[in-house]
Amino acid sequence: MEERVAAGDGTEIAYTWQPGERPVLLLHGFATTPELTWETSGVSRALREAGRGVLAVTLRGHGTSGKPTGAARYSARILADDATTVLDAAGVDRVDVVGHSLGSRVAWAFAQSSADRVGRLVLSGVGTREVFEGWSLGAVRALLRDGEPMADETATRLLTGAMALPGADPDALLAVVEGMSGSELAGRAAGPTLVVAGSEDALAADADVLADAIGADFAAVPKRSHLNLLSSRAFKQILLQFLT
Amino acid sequence: MAEISFNLPDLGEGLIDAKVLEWLVSVGDYVERGAPIVEVETTKSALELPSPRAGTVARLHAEEDEDIKVGDPLITFEVPDDSAGIVGTVPQQDAEPKRRVRVQLPDDED
């Protein structure tokens with residue numbers, strides 16, 4: 001069942017906690033929800049079947065969580081602090097963490113700031129390049145508010161899909177893009193870390209380079225893209241193996 | 001033994017077809033109700049579909065990487081004669097179309 005907790009700035013953060021052994025914190029990507037990212041893909045099921053607790057956060061600006069406007073309310077650090085708030089609310093001391101795409105940047109920030117609460121870390125669907133940095137904010141605004149397609153097809157598809165989701169808020173999504181834009185995934189991994197990407201994932205084409213740079217292991221899933229990596233059997237096998 | 005076939009269920013959001021990415025079961029496997037049987041991808045997302053019933057897989061009706069339409073045959077189970085008529089409903093969506101993708105199991109159980 002969905003629970004809610006207020007973050008430091010009053011923003012309500014929604015989460016679900018399914019108790020089990022050695023909890024796993026799940027951080028979804030931009031413009032989606034935990035339901036679409038972790039439930040329908042079968043990732044949560046695979047973790048539950050392995051006996052693991054599953055703590056899934058709805059990132060601020062998304063789904064049923066609060067949606068403050070203004071880019072200053074969104075940064076990898078702020079979203080990572082939301083995760084800390086959720087751990088405290090759920091009474092969970094220590095987690096393994098799995099992020100996808102933007103959620104991987106939040107996962108990294110969380111692991112860097114709360115190393116004592118993180119066991120193993122899995123970053124999926126990310127490379128060295130922060131995707132939003134390449135987007136023109138004016139074009140993003142025109143798409144979100146007026147449905148005007150952007151020159152970047154991937155961006156258009158992501159944002160159009162985002163607006164079709166329940167609870168989508170154009171101003172909040174714009175603030176997410178602006179606030180997270182250019183957020184660095186830099187430094188060295190504090191604990192065991194795995195970068196995993198689909199071989200057809202254009203948004204994570206150099207995921208192996210990222211893995212090297214931060215001192216992480218790397219795994220590629222053949223024939224998989226940014227959008228269908230998580231539901232693959234291979235991803236779940238890699239995930240469970242790494243988190244064991 | 002009798003056979004029961006299931007079609008690709010309505011995936012919501014006005015989606016009319018899906019691509020079979022990966023079968024998670026093989027012909028001859030015994031599958032529990034609710035266990036994932038196939039991974040499909042729509043224009044919106046990629047998802048696992050749960051088995052609508054327990055049974056032994058008799059046939060898979062699509063190849064991997066093949067597009068199939070909602071309502072087209074997906075899988076056929078072999079089931080004991082005495083249970084064939086009891087269940088066998090295709091998973092139903094709510095009457096009200098929901099925007100999120102969720103595949104529901106029938107309420108009955110064998």
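Predicted model: local features only at pLDDT ≥ 70, side-chain atom pairs only at ≥ 80, totals over all residues.
Where chain A and chain B meet, chain B puts in 15 residues and chain A puts in twelve residues. On the chain B side, strand S2 (17-23), strand S4 (36-41) and strand S5 (46-50) are the elements giving two or more residues each.

Now for chain A itself. Nine helices and eight strands make up its list of elements. Its C-alpha trace spans about 45 × 40 × 30 Å along the principal axes. Chain A has a radius of gyration of 16 Å, which agrees with the value near 18 Å for a compact globule because that is what 244 residues would give. Buried residues account for 53% of the 244 residues in chain A. And if you take the contacts in chain A between residues at least 6 apart in sequence, 72% of those link residues at least 24 apart.

One helix pair in chain A is worth a look. The axes of H5(A) and H6(A) come within 10 Å and cross at roughly 35°, and the crossing is right-handed. Here is who does the touching:

| Helix | Residue range | Contact residues |
|---|---|---|
| H5(A) | residues 137-146 | A:Val140, A:Leu143, A:Leu144 |
| H6(A) | residues 153-164 | A:Thr156, A:Leu159, A:Met163 |

By type, the residues in this contact of H5(A) with H6(A) come out as five nonpolar, one polar and no charged.

Terms used:
Residues numbered from 1 in each chain as written. Chains lettered and ligands numbered in written order. Axes fitted to C-alpha atoms, helices over the stretch in contact; angles between N-to-C directions. Helix = DSSP H or I, 4+ residues; strand = E, 2+ residues; numbered from the N terminus. Left-handed = near helix turned anticlockwise from the far one by under 90°. Contact = placed C-beta atoms within 7 Å. Nonpolar A, V, L, I, M, F, W, Y, C, P; charged D, E, K, R; others polar. Rg over C-alpha atoms; globule rule 2.2 N^0.38 Å. Buried ≥ 20, exposed ≤ 12 C-beta atoms within 10 Å, placed from the backbone.
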